[in-house]
Amino acid sequence: MTLINEMWKSLFTKSPSAEDLKLQLKQIERDQKRKRRELDLKSEEKDDKLQEALEAKKKGKQEVVRDIFREMRQIETDASYIGKDLRRLSLAKMTLSSFQRKLETLQEHKDRRGLTALVMRFHSDQSLVKAIDGADVDDDTFGTILKQVLGEEEDAVVRDNKVKEDSGFAEFDRTLNDMLSGAEPDHEKLNRALQGESIMQTRHLAEDRI
């Protein structure tokens with residue numbers, strides 16, 4: 001049984017409480033930090049090996065270069081597996097966060113029937129677990145699968161959440177590229193990107209009403 005299967009079994013065999021979800025999300029965040037650190041170490045290890053290969057090449061030690069190449073290829077493979085784990089954790093976090101919001105909405109409306117149906121869908125529908133385990137599905141496809149399991153009424157919540165999380169990333173990325181090219185930090189652009197389009201639109205609407 002995979003880690004994701006174990007997580008789903010522990011959470012959705014019964015109706016999870018808000019505290020259950022909070023604890024699981026905290027564990028996912030800890031796992032993400034650990035995996036990112038592992039990935040950083042692999043990157044550092046690869047850089048070190050590259051320098052070793054350059055030194056060996058200068059000295060004409062071609063067999064040593066070949067051995068280092070093989071070691072670097074294994075490091076790259078290991079890093080790929082870690083990247084897969086990080087993708088799984090990211091998808092699991094997205095799913096549980098969406099479930100948590102849906103749960104809170106149903107509880108606020110005292111919709112016991114809807115709550116039971118929600119837990120049953122998460123317990124019986126394996127499409128989410130398979131998508132997370134595979135870790136090769138794109139965000140749009142995964143969002144569609146998630147919305148189907150959550151129920152059609154969750155569409156707006158998932159869509160709004162994606163806007164809040166991703167809006168402004170392209171501008172943020174461009175600003176970083178400019179800085180790497182030697183440009184001075186443009187704090188206005190960075191703030192605009194980090195605040196996100198939805199927040200900026202809300203601010204403009206508020207200003208228009210003044």
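Trainee: At what angle do the axes of helix 3 and helix 5 cross?

Mentor: Axes are lines fitted to C-alpha atoms, for helices over the stretch in contact, with angles from 0 to 180 degrees between N-to-C directions. In this predicted model, the axes of helix 3 (62-108) and helix 5 (127-134) cross at roughly 150° and come within 7 Å. Helix 3 is therefore roughly antiparallel to helix 5, a label for angles over 145 degrees. Helices are DSSP runs (H or I, at least four residues), numbered from the N terminus. Local features need pLDDT of at least 70, side-chain atom pairs count only at pLDDT 80 or more, and totals for chains, interfaces and linings use all residues. Residues are numbered from 1 along each chain, and side-chain values use heavy atoms, without hydrogens and water.

Trainee: Which residues make the contact?

Mentor: Contact means heavy atoms within 4.5 Å. Helix 3 contributes K84, R88, L91, A92 and T95, and helix 5 contributes L128, A131, I132, D133 and G134.

Trainee: Which residues have the most contacts inside the largest nonpolar core?

Mentor: A nonpolar core is a set of buried Ala, Val, Leu, Ile, Met, Phe, Trp, Tyr and Cys residues joined through side-chain atoms within 4.5 Å; buried means under 20% relative accessible area (1.4 Å probe, protein chains only). Here the core has 29 residues, with M7, W8, L96, F99, F122 and F142 having the most contacts inside it. Helix 3 gives the most, 7 residues. Beyond its neighbours within four places in sequence, F122 touches residues including W8, F99 and L128.

Trainee: Is G151 buried or exposed?

Mentor: G151 counts as buried, because its relative accessibility is 10%. G151 lies in the loop between helix 6 and helix 7.

Notes
Buried < 20%, exposed > 50% of the residue type's maximum accessible area, 1.4 Å probe, protein only. Helix = DSSP H or I, 4+ residues; strand = E, 2+ residues; numbered from the N terminus. Parallel < 35°, antiparallel > 145°, perpendicular 65-115°, else oblique.
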